[in-house]
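Please look over the sequence and the structure shown below. The paragraphs after them go through selected local features in turn.

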Amino acid sequence: MKFIILFFILYLVSDTLGSLNEPVVKNFTCTKQSLEYTYDIDSTYYTKWIFSDLEYELVFECKNNSKERTCTAGMSIDIAKNLHGQIKMCGTDNNSVLDCHSNYEEYYPKPIIEGDFKPSTKGGPTIMKGYYLAVGAYYYNIIPYTRLGIIGDVHSNSIDVTNLILDYKGGCGPRTIQWPNDFKYSFNHSNPIIENIFIEGSSFISKGSNFCNSSDSIQIYLDGVQIDKSKIKSIDHEQFEIIYTQLYSKSINVKIVSGGLESNIYKLDFKPIPLKINSVPRLKGGSITIIGERLSSQVNNSTIIVKIGQYDCKNVISSKNEILCNLESVPNVEKVKLVDLQVNISINGIFNENNLLFSFDIPIISDFILPQGEVKLVGDCFGSSQLTQVKIDDVLQSNITININEKETTLSFKPIKPIKKSKLYIIVNGTKSNTIEIDSSFFVKSVPSSPSVNGQIVNFTLFNINPNNVNATPIMIFQDNSSIKAIDYKNSNEYSTHTYSFDIPKSCGRNEITILIGDQLTRTEIYYELPIISSCSIVSNQMIKCLGNFLNYLDLFKNGKIKIQFSNMVIIDNIPNNPIIFMSDSFSFPMKPEYSSSDIYLIVCDETSLDFKVDITPSLKFVSQSLVFNSTGGELLINGENLNENTIYNTSVYCFSNKQVYNCSFINNTSISCDIELLGPFDQLCKIKFNSKDENNNISISYYPPLVLNSTTISKSSTGGIITIFGNEFYNQIDSITVGKSKCLNSTFINSTSISCFVEPSNFNINQTEQQKKQYVNIIINGKSGGNNLIIYSGNSNRIDENNKSNKNTIDEKQTNNEIKNESIKRNINFILFIIIFSTILII
């Protein structure tokens, strides 16, 4: 036994003495190009690493200086692929003694990881790229205690350790991987991606990836606002569901932050969902009602477009669950599709996706009531009163009178006998409607049938009351679930038919009601009284004014419950300083060019009053067929009715002589004036174009005769002289002028108010007294004569004397100049004769 113990001790001593000391590494660097270790000069050092599983050796080349030794192994991607599995690090001392061990993990090269390592939060095989990823490593740890395995056999060459496949189990948020040499690498996961979102009822479900599986690790934002965690219905790596209800059509931006990483922003459209649509007659068109969800927007001034097939539905009014619009009539055109037309709705650019179809001329019964003992069907496309058929339990009702309104939306008839739990449908142009079940055995009648909008007591007679209900008190239930109880008049011992009174509240329009007595009920309506328009006309200030009794409707108008419909449009109060005026006995509104003759009626709480025909067609009442103008033209006055400012654009005067068109100006609703700048004196012929139409009657234009007002004077009748006559309506076409008994010659047209002429000397003596009297001055121009008594011969006028003196001086001066000129000519002639005679003598 002693020998055995001694032998073991000697073995241990020999083994210890045979091992080299551990290398003292001062520094080492790991790059893609090399591994480099620096040692003390006296330290052992690595010369090679042996990867025995692959039978691969990594050899180091060493260089010395006086203090250090540097050993380097070259590196490449191909070399790096061999660095895995079992490793022995072989050290050498200064005596070149080689010793290989595998217990120096702290000197394993540090991994170089290329690119981002971003695994999915769900986990699964994940590639990590780089160098030295599996040197001496068979698995890793994710701090604190999660194992991260390597897929594949690290002891064989079947794996590529530069593209290492890791078996990642999933997680959320930042994490850290630790290698055997204590190297740590921190990473996060791939960013969350929202790929699609589906709306389901009061929530929406998002599909995608990297969402995490814990609501504590995520934040979800709608339009930039984080939602409460209580709204997160479920969460998993590839799906989350949010409780969210949107009643309007709109778009929202959805984003999720998972483990601190933001997703893409997904635009989620809450699209309109039309579910039900009525039908309208093709040849009439009508009001379309679309029932559904998210049929409006919260945004003011939204753009809502409704298209039914190729047809636009106009004048759209929308609410959350209903769209109203008008579909125009479709003319008889061949190959026009009229059935199964796609209904498309766009609300601020968001379109519906569901497939709702529309067809023209499909009779649909949507409801019925029993007013005043009649059956009233409510729906669409009921056809005409003459052709539509009603069948009850498949039996044609041939002895009833059917009344169908113009829009074909209501059909009423009085049954020959009460209808008891029967099936009813109608047939319109061979097309059968849907079938409804109806029971009219219990019904009511009211007096008055139309109560005042201010409310009043109305008597209702109930017919066919069951015996077990005779002691019950009737109750009237309104659509808002409010109710009133009846007062029993006790006016009859016939309990099956009894009259009760109800205090009908203030309201307007048509209100459906339910009358309940015991276990019997019937649905009928209160149809409030509507205003009656008695007359309408265009009055001053270009207003259309309608008369009637509107006292009870003043508050309704103030509250916007009354609309005025005229010229196929609702009259809008939008003209500054000229508003709609609604009074107790009349209402009025401004004329507009776009208005035309049409029916006018009031829409009170969506119910239409009786219409009144308003004729606003402009018409001529009087135009003078003969006009007299002054010298520069004149004015033509046109009297008419229903004139408006638009009429003046289409009214003018055309004159034949100069082929000129003269435009007219609007004065008021009964007068238009036309300024005609047409010079005289010749008579003219013109015609009128009124409201774009040539009138048959021509207009003759003549001119006033000359008007003599005053003149200049001359001193004596015996000598005559030039005078200037003043007045109006003077023209160049002067026929003659006379002054008393003398003619006035050499007349000269100066302008339309002045003419001059020379009064010839009188051949008979006029004494001084006669000369002071007025002379009748008469002017004839273009055959028209005009004159006046004027003083012509007068010496008392300084102005005339001066004019005469000036004229005499001018004549004397001219006479003197002529005498001087004649004397000069005589002297010149004598001088020339002297020269000729003198020259002749010299020659001889």
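Cys536 belongs to strand S50 (residues 533–539) and Cys546 to strand S51 (residues 543–548), and the two cysteines are 10 residues apart. Cys536 and Cys546 are both buried.

How many disulfides does the structure hold? There are nine. Another of them connects Cys655 with Cys686, with S to S at 2.1 Å. Its handedness follows from the S-S torsion: for Cys655 and Cys686 the value is about 100 degrees, so the disulfide is right-handed. Cys655 sits in strand S62 (residues 652–655) and Cys686 in strand S65 (residues 684–690), so the pair ties together parts that are 31 residues apart in sequence. As for accessibility, both Cys655 and Cys686 are buried.

The disulfide between Cys62 and Cys71 has an S to S distance of 2.0 Å. With a torsion of about 110 degrees about the S-S bond, the disulfide of Cys62 and Cys71 is right-handed. Cys30 has a relative accessible area of 18%, which is under the 20% limit, so Cys30 counts as buried. Cys381 is buried as well, with a relative accessibility of 2%.

The next feature is a sheet. Four strands form an open sheet in the order S42-S43-S47-S46, with antiparallel pairing. Its edge strands are S42 (443–447) and S46 (487–488), each of which pairs on one side only. Between them in the order are S43 and S47. Strand S43 covers residues 456–463 and strand S47 residues 498–504, and their antiparallel pairing runs over seven bridges. Within this pairing, Val458 stands opposite Phe502 in S47.

The backbone also deserves a check. Most residues other than glycine have a negative phi, and most peptide bonds are trans. Cys212 has a positive phi of about 70 degrees although it is not a glycine. Cys212 is located in the loop between strand S17 (203–209) and strand S18 (218–222), and its relative accessibility of 0% makes it buried. Asp606, also not a glycine, has a positive phi near 70 degrees. The loop between strand S56 (598–604) and strand S57 (607–608) holds Asp606, which counts as exposed at 68% relative accessibility.

Two peptide bonds are cis. One runs from Ile143 to Pro144, with omega near 10 degrees; Pro144 is in the loop between strand S11 (139–142) and strand S12 (146–150). Gly680 and Pro681 are joined by a cis bond with omega of about 10 degrees, and Pro681 is in the loop between strand S64 (671–676) and S65.

Confidence comes last. The mean pLDDT of the protein is 86, and 89% of its residues reach 70 or more. Where pLDDT is low, the predicted coordinates should not be read in detail.

Methods: Residues are numbered from 1 along each chain as its sequence is written. This is a predicted model: local features need pLDDT of at least 70, side-chain atom pairs count only at pLDDT 80 or more; totals for chains, interfaces and linings use all residues. Side-chain values use heavy atoms; hydrogens and water are left out. Two strands pair if DSSP finds at least two bridges between them. pLDDT is the predictor's confidence in each residue, from 0 to 100. A disulfide is a pair of cysteine sulfur atoms within 2.5 Å. Buried means under 20% relative accessible area, exposed over 50%, partly exposed in between (1.4 Å probe, protein chains only).
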